[in-house]
Amino acid sequence: MIKRVIILDGGSAGFIAALALKSKLRDLQVLVIRSKDIGIIGVGEGSTPALTRFLHEYLGMNLKKFFAVAQPTWKLGLRFLWGPRPYFNYSFSFSQLPGEVKQLPRIKAYYCRDEMDYEDPFSALMSQDRIFERSVKGDPLIHPGIAYHFENEKFVRFLEEYAVALGVIIADDKVMEVEQDDGGVAALRLESGRRETADLYVDASGFVSLLLGKTLREPFVSYDKTLFCDRAVAGGWDRKDPEETVIKPYTTCETMDSGWCWQIEHEHRINRGYVYSSGFISDEEAEKEFRAKNPKAGPIRLVRFVSGRYRNHWVKNVVAVGNAGGFVEPLEATSLGVIAGECSILTGTLKELEGKATPTIRKQFNRYQAILWDDIRDFLSIHYRFNKRLDTAFWRHCGEAADLAGAAELVEVYRENGPCYV
C-alpha cells in the first residue's frame with residue numbers, strides 16, 4: 001500500500017505531481033524535497049490546452065488567484081516561420097484542418113495550399129493579434145482553446161502555494177545518498193542528516209534523473225537519429241519599445257541556420273531561445289546568430305540536453321516525471337502537457353487500486369508512456385525532414401537523414417491520398 005510519497009524535486013514537474021496526488025488522495029502523505037542544486041532550464045514557458053484543462057478542470061484551481069500569482073498571457077497556438085509560406089498558424093482548434101465544409105467533399109486541409117490565415121477562426125484571431133471574438137454587447141466570447149505563456153518562476157511559485165495549502169510538505173534539502181534494496185529505493189539520506197523513506201518515490205530531478213537514471217540505471221532510448229539539436233541559448237528583454245505594446249497570442253517558431261528559435265510573449269517581457277545542433281554550429285557562433293536576430297537580448301544562458309526517453313518510467317518503487325523521464329526540444333510546448341497527463345494517470349491508477357502498484361499496472365503505464373513519447377518524436381520528425389525554408393548544411397542534413405520512424409507510414413498515406421482522416 002502506498003501511503004507516503006517523496007517527490008524529488010520542486011520545479012514545475014515536481015509540484016504538478018504533488019498537486020495531482022494530494023488533491024485526489026487527501027490521506028496520502030506527500031513530501032517534496034527541493035534542492036537549489038537542481039536548476040530550472042527555463043524552456044517550459046509555454047503550454048497547450050492540456051495543461052489548462054488539468055489546472056482548472058482536473059485540479060479545480062481558482063482562475064483569479066492563478067492569474068494574480070502566475071501572471072500568464074493567453075496563447076491560441078503557434079506561428080511557424082517554417083517552410084515555403086511566409087508563416088503558418090498552428091492553432092489549438094480541433095477543426096483547423098480536419099474540419100469539414102458542407103459544400104466540399106473532402107476535409108478542409110485538402111484545399112489549403114498557399115494563404116490559409118483565415119481558414120480557421122482561431123488562426124484568424126492570431127492573425128489579428130486577438131484572443132476572443134466579441135459578443136453583440138462587446139463582451140469577450142470565452143472559448144476552451146486557450147493555453148498560456150508564463151515565466152517559470154512565477155508559475156512554480158503559484159504551484160508551490162497551492163501545494164502547501166493542500167497539505168504538501170516541502171523540505172529544502174539535498175540528497176547525499178540513495179539507499180537501495182530489492183524493491184528499488186529504500187531511503188534518501190539528506191545533507192541535513194535526515195533519513196527519509198517512502199512507499200513511492202517520484203523522480204522530478206530534471207536531466208539529472210537521480211533516481212531512475214543514476215540510481216536504478218534504467219536504459220535510455222535516444223532520439224538522436226531523428227532530432228539532431230542538443231543545445232539552446234536563451235535570453236530576452238523587457239518591453240520598452242512602443243512597437244512592442246501588442247502581446248502576440250502565440251509562440252513563434254522561426255527557422256535558423258542550424259536549428260530554430262522560439263519567441264514567447266509575456267506582459268512585460270519577451271523571451272527568445274535558439275535551439276541548435278552543436279554538430280553544425282559552435283556555442284559562440286550560435287550566440288552570434290541569436291544576437292544578430294535579437295539585438296535587444298540581454299544576458300543569455302546555455303542549456304545542454306539530450307532528446308530521448310528512458311525505456312521505462314515506472315521501475316520498482318520509482319516513477320519519473322518531466323525531464324527525469326524523457327525530453328524532446330520544446331517545438332510544440334508539449335512538456336507541461338505530458339507531465340500533467342502522466343501525473344493524472346498515476347494518480348487515477350493509485351486511487352482506483354486503493355494505493356496498490358501491481359506489476360501489470362506498471363507495465364501498462366510504461367507502455368503508454370513509451371508510445372506517447374515516440375509519437376511526439378515522430379510528429380517532430382516531420383518538422384525537420386520537410387522544412388525547406390533555408391538551404392544550409394543543417395537543414396540539408398535533416399532533409400536527407402532525419403529518421404521519420406513511426407511517421408514514415410503516415411507520410412506515404414499523405415503522398416498517395418493527400419490530407420485525409422486516416
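Modeller: One term before we start: a residue is buried under 20% relative accessible area, exposed over 50%, and partly exposed in between (1.4 Å probe, protein chains only). This is a predicted model, where local features need pLDDT of at least 70, side-chain atom pairs count only at pLDDT 80 or more, and totals for chains, interfaces and linings use all residues. Residues are numbered from 1 along each chain as its sequence is written, and side-chain values use heavy atoms, with hydrogens and water left out.
Biologist: How many salt bridges does the structure hold?
Modeller: There are 24, each being a side-chain nitrogen of Lys or Arg within 4 Å of a carboxyl oxygen of Asp or Glu.
Biologist: What do the side chains of Glu-244 and Lys-296 do?
Modeller: They form a salt bridge, 2.8 Å from N to O. Glu-244 is in the loop between β15 and β16 and Lys-296 in the loop between α7 and β19, so this pair ties together parts 52 residues apart in sequence. Helices (H or I, at least four residues) and strands (E, at least two) are DSSP runs, numbered from the N terminus.
Biologist: Is Glu-244 buried or exposed?
Modeller: Buried, at 14% relative accessibility, whereas Lys-296 is partly exposed at 40%.
Biologist: New topic: where do Glu-287 and Arg-291 lie?
Modeller: Both are in helix α7, 4 residues apart, about one turn of the helix. Arg-291 has a relative accessible area of 28%, so it counts as partly exposed.
Biologist: And which residues are linked with Arg-4 in a network?
Modeller: Arg-194 and Glu-196, through salt bridges.
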